[in-house]
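User: I would like to understand the terms used for helices and strands. Please go through them with me.

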Amino acid sequence: MIGFSFSGYFSTDGFMPHGMCYQWQPGVLALHVISDGLISLAYLSISATLLYFVHRRIDLQHKWIFLCFAIFIIACGFTHAMEILTIWHPTYWVSGGIKLVTAFASVSTAILLIRYFPTALRLPTPSAMHRIVQLETLNRSLVEDSARSAIAADAAGLGFWTFDVATKALHWDESMYRLYGLLGSEGDEPDALRESRSHLANHAKFELGVTDAPEAGCDYDTEYRAIYPNGVVRHLKAVAQVTRDADGHAIRMLGVTFDITERKHADEQFRLAIEAAPTGMLLMDLSGSIVLVNAQIEKLFGYPRSELLGQPMEMLVPERFRASIPNSRSGAFSGPTAHAADLYGLCKGGSEVPIEIGLNPFLTSEGEFVLCSIVDLSQRLEIERIRNEFVSTVSHELRTPLTSIRGSLGLLESGAMGALPGKAAEMVTIAYKNSGRLVRIINDILDISTIEAGRLALQMRIVALAELLQQSVEANAGFAEKCEVRFVLEQVSAGDRVMADPDRLMQVVANLLSNAAKFSPPGSDVLIRVRPGATTMRIEVQDSGPGIPEEFKAHIFTKFAQADASATRRFEGTGLGLSIARKLTEAMGGSIGFNSMPGQGSLFYIELPRVDAAPAMLRATQLSETAAYKVLVGLADSSEMGASAIVPRLLYVEDDEDLISVIRAALAGRVDIVPARSLREAERLLREEEFSLVVLDQLLPDGNGIGLVDRIAEYAGRALPIIILSATDVPHDAYPKVAAVLIKSQVSAAQVATTILTYLTFSGP
């Protein structure tokens, strides 16, 4: 019977297709087939989507609702599919069975939903769910932040504590116990532990701070010592904030404690190093107040340190120098070091002592400080005075009798005083020759002493190289003839001019010529030529001698250096010539060097700033102020600038009115200065007016002047020479872009004016 029932379930006997009810009308058939087909597809796709959603959302709550609806919708879809099938095949038993399943699924779903309805009403709204999600996210963030803070605090050695004002109870975390060398599990209460591990005086200070801070309305900050169980003393620092209620009453203190033992040891080592320094050492804060001095400061100024601590540093400087001290101090913070020289210190008794101050800024956990090293220059100045007196004595007391001796011997050697016996004439010749050598040695020693003492006076002016080199060749022709060589001066342009002291330049060239002649083989030529460069003129002296040994090249400009003893015996020399030549060349703002290959001769050269092109290598600070003023006089007297000359215009980008006035006065009408007090104003003037030169400060109200360097040619329509005149160090990458760099603290107004005039070309109308 079961088999019959199953086969009868799919039987169509005795039934007619549903299409006959539609009388097989195509329109009706199409309408029902399309409608049922679309409904069936929609039901099946909806149920598939619900099942896929439940599968992917493993965290989904109340999944059974989605599954019940999916089963119900699948059954509905098959019901509509059977409606299409029964149009042609009357399988009504199957269709009825599917409808029964659909009825069971729908009734079950309805019953479950009705039972679930009260629970559904208690579910939070979407906004409430959003808040719950936010709270959960925030809670996770707090947990993570707390974990990170705990890790950081443990790594930094921080201990946290709270103090209840009402109960006077102090609560520590595990890290606080570790700061005392114990574990929290060892059982001591914090108060008892602190009582037993702290020195009595420091403990009293700690207690006073804890009890007074809440009532005084201030935060708590103190340092104290704790003793480990093994007797080791550690330095601790505790800081805290006070929490108050709505009425302003203190409720509790939240604090943190950390170990500062290493910092204390470093401070002590620093203090001991300062105290042991052989020079005076003084530490001041950013405001200029003295916070630390050593014994040498007490000895130098006569003050006990108790009278110096907390006082302004200016009290150690005479009134006339005090105005410069704040500038020096603030300048120290703009760079790694700063130095102030040519000062006098004011002692307690009112006497003054020459000093030199070195400023070295540094940053600590307690703020910025400046370490000042103060050196007593009394002994150094006394040595310089003795040396200067010795040079003056030698200059007068030796040169005068040597001149008489050499003159007398010259008369005897020439026969002007009558004929001498053969032996006597030979002795006089030897004496005359060696007296000349002695004069040269004394002159060289005096020149070196004068240069090293800083008393070299240069008469700087425009020098035509063609004329100067011709005079040098003629003046040394006798020495060339004696050495059996010939000086050959190649063609020099009349426009090749440099800024130099003509006498000193002649001395340098004469030294190079004499060296070339001494070391050249007889019958050879010594070549002299000038090679113009973009910013310099190069004077070359080339010989065909044996060259300079490789091991001697590093010492060739040192004093008393001589490579070949045999050459020295043939041609007298002191070994000071090239050393003097180098110092003189550098004093004139130039450089000296050489190229040499053993067996192929040597080429010595001098490079000096050319007049018609501004050299970046010109160092106005290498000239004394006296020499700088003489340069101004030399340029003013030059025939180039007559009454009809066009005065060149200079754009001076500077916001300091006083400095503009000083430079204008130093130039004395030789240049028309147009000031620009900001970058914006400078850009406008460059577009609207013509200038021959730009002088640029680095620090301006609306930006850094270095940024204008690359744009000057664009604004002016042509390249202009640029001089940077700055109070601070200039970046190295700016040097190739400008003509010269001058630091305000290292140059005088005359030296600035000298540099400006060197770069300008005066032309007639």
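**Helices, strands and their packing**

Analyst: H23 lies across strand E18 (649-653) and E19, and runs at about 170° to E19. This is a predicted model, in which local features need pLDDT of at least 70 and side-chain atom pairs count only at pLDDT 80 or more, while totals for chains, interfaces and linings use all residues. Residues are numbered from 1 along each chain as its sequence is written, and side-chain values use heavy atoms, with hydrogens and water left out.

User: Why is H2 called roughly antiparallel to H3?

Analyst: The axes of helix H2 (residues 26-56) and helix H3 (residues 63-85) come within 8 Å and cross at roughly 160°. Angles run from 0 to 180 degrees between N-to-C directions, and axes are lines fitted to C-alpha atoms, for helices over the stretch in contact. Angles over 145 degrees count as roughly antiparallel, so H2 is roughly antiparallel to H3.

User: Why do E19 and E24 stand at the edges?

Analyst: The open sheet has the order E19-E18-E20-E23-E24, with parallel pairing. Two strands pair if DSSP finds at least two bridges between them. Strand E19 (672-676) and strand E24 (740-743) each have a single partner strand, so one side of each is left without a neighbour in the sheet.

Conventions. Helices (H or I, at least four residues) and strands (E, at least two) are DSSP runs, numbered from the N terminus. Angles under 35 degrees count as roughly parallel, over 145 as roughly antiparallel, 65 to 115 as roughly perpendicular and the rest as oblique. Contact means heavy atoms within 4.5 Å.
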